[in-house]
Amino acid sequence: MPCIEGDALTPTGRELLEALAEPRTDEEIKAITGQRLFRVRISLRELMFAGLASVEGGLYTLTEAGRTKLELSEE
Amino acid sequence: MSEQQAQGAQDAVTMPRLGMPAPQFEAPTTQGNIRLADFNGSWLILFSHPADFTPVCTTEFIAFAEIHDQLREMNCELMGLSIDSTYSHIAWVRNIEEKMGVGIEFPVIADLNKDVASLYGMIMPGESKTETSRCVFVIDPDQVLRAMIYYPLTTGRNMDEILRLIQALQTSDEHAVATPANWRPGDKVILPPPATQDAAEERVNTEGLECKDWYFCKKDL
């Protein structure tokens, strides 16, 4: 499942961004979402490409743009 | 050099080697762009088929889908490949679900420019220059190529053997043993031959082993 369609977050995208409320590894995100690890990595790459997430030292986290996007999607 | 030899040299491609790092790639699939590195930490069966919407390949896709859950339980993912477009793959996968009632949940690489097929030596020009043969590459969690199986265009693969191969490789890794011909989970396994005379003497005197001779001992796990 893609994380973003057009300009909107998909349910998968929202679930992943919510999981990134605090810095986490891809394995931790897998455990939270129940997705296969390779699917998690594909999704994280998509979110990073869109500027909504970033990674440092193997820990993924929300960017400011990601936090804003998540808040807007919840409204 | 004969004309045949010259053609052979011209057709030569780099073939992957067992025990070496699997060639890395990024490719479009039915589940988005995927990198081989995305499977790091999992076993992976990367397999190719000649073409979408062909009968033998359809039976194989259904058969792979049927063992998909068993493979997942063994921390093993599946990924297909052919020299077709993503749209063709999507149409075929939807057709299999609609006509045969089988969902295909694994990604399928659309290798229209033959990049991955060439990297892995999946095209056998003696059979076809435009289609991939029925290749299976088993890649371990460290992304090392552990096994290869090649079948011709005419012959569908045996899923029991593919499952058995993964079970055997995982058993060998976990217990530092080898597996005999026709081994199945639960059967005795083979101990690596002793490397010294002392070890050979100790081996034949070890209780609980089934030894035909010092170099040929089996045990239960």
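**A walk through chains A and B**

Helix 1 of chain A passes helix 2 of chain A in a right-handed crossing (right-handed if the near helix is turned clockwise from the far one by less than a right angle, left-handed if anticlockwise). The contact is made by Glu15(A), Leu16(A) and Ala19(A) on helix 1 of chain A, together with Ile29(A), Ile32(A) and Thr33(A) on helix 2 of chain A; two residues are in contact if their C-beta atoms, placed from the backbone, lie within 7 Å. Helices here are DSSP runs of H or I with at least four residues, strands are runs of E with at least two, and both are numbered from the N terminus.

Before going on, a word about what you're looking at. This is a predicted model, in which local features need pLDDT of at least 70 and side-chain atom pairs count only at pLDDT 80 or more, while totals for chains, interfaces and linings use all residues. Residues are numbered from 1 along each chain as its sequence is written, and chains are lettered from A and ligands numbered from 1 in the order in which they are written.

Back to that first pair of helices. Two packed helices are described by the angle between their axes and the distance between the axes. For helix 1 of chain A and helix 2 of chain A, the axes come within 10 Å and cross at roughly 120°. Axes are lines fitted to C-alpha atoms, for helices over the stretch in contact, and angles run from 0 to 180 degrees between N-to-C directions. Helix 1 and helix 2 of chain A are therefore oblique to each other; angles under 35 degrees count as roughly parallel, over 145 as roughly antiparallel, 65 to 115 as roughly perpendicular and the rest as oblique.

Now follow helix 2 of chain A to its meeting with helix 3 of chain A, where the two pack at an angle of about 110° with their axes 9 Å apart. That makes helix 2 and helix 3 of chain A roughly perpendicular to each other. Helix 2 brings Asp26(A), Glu27(A), Ile29(A), Lys30(A) and Thr33(A) to the contact, and helix 3 brings Leu37(A), Val40(A), Arg41(A) and Leu44(A).

What about the inside of chain A? In helix 1 (residues 11-19), the buried residues are Gly13(A), Leu16(A), Leu17(A) and Ala19(A). A residue is buried if 20 or more other C-beta atoms lie within 10 Å of its own, exposed if 12 or fewer, and partly exposed in between, with C-beta atoms placed from the backbone. The four sit on the same side of helix 1 of chain A because they cover an arc of only 155° around the axis. Glu5(A), by contrast, sits in strand 1 of chain A and counts as exposed, with 11 C-beta neighbours inside 10 Å.

Over in chain B, you'll find 6 helices and 10 strands. Its C-alpha atoms fill a box of roughly 65 × 55 × 30 Å along the principal axes, and 28% of its 221 residues count as buried.

Two backbone spots in chain B deserve a look. Most residues other than glycine have a negative phi. Phe53(B), though not a glycine, has a positive phi of about 55°. Phe53(B) is in the loop between strand 3 (43-48) and helix 2 (55-73) of chain B. Lys114(B) also has a positive phi, near 65°, and is in the loop between strand 5 (108-110) and helix 4 (115-119) of chain B. With 15 C-beta neighbours inside 10 Å, Lys114(B) counts as partly exposed.

Methods: Arc of directions from axis to C-beta.
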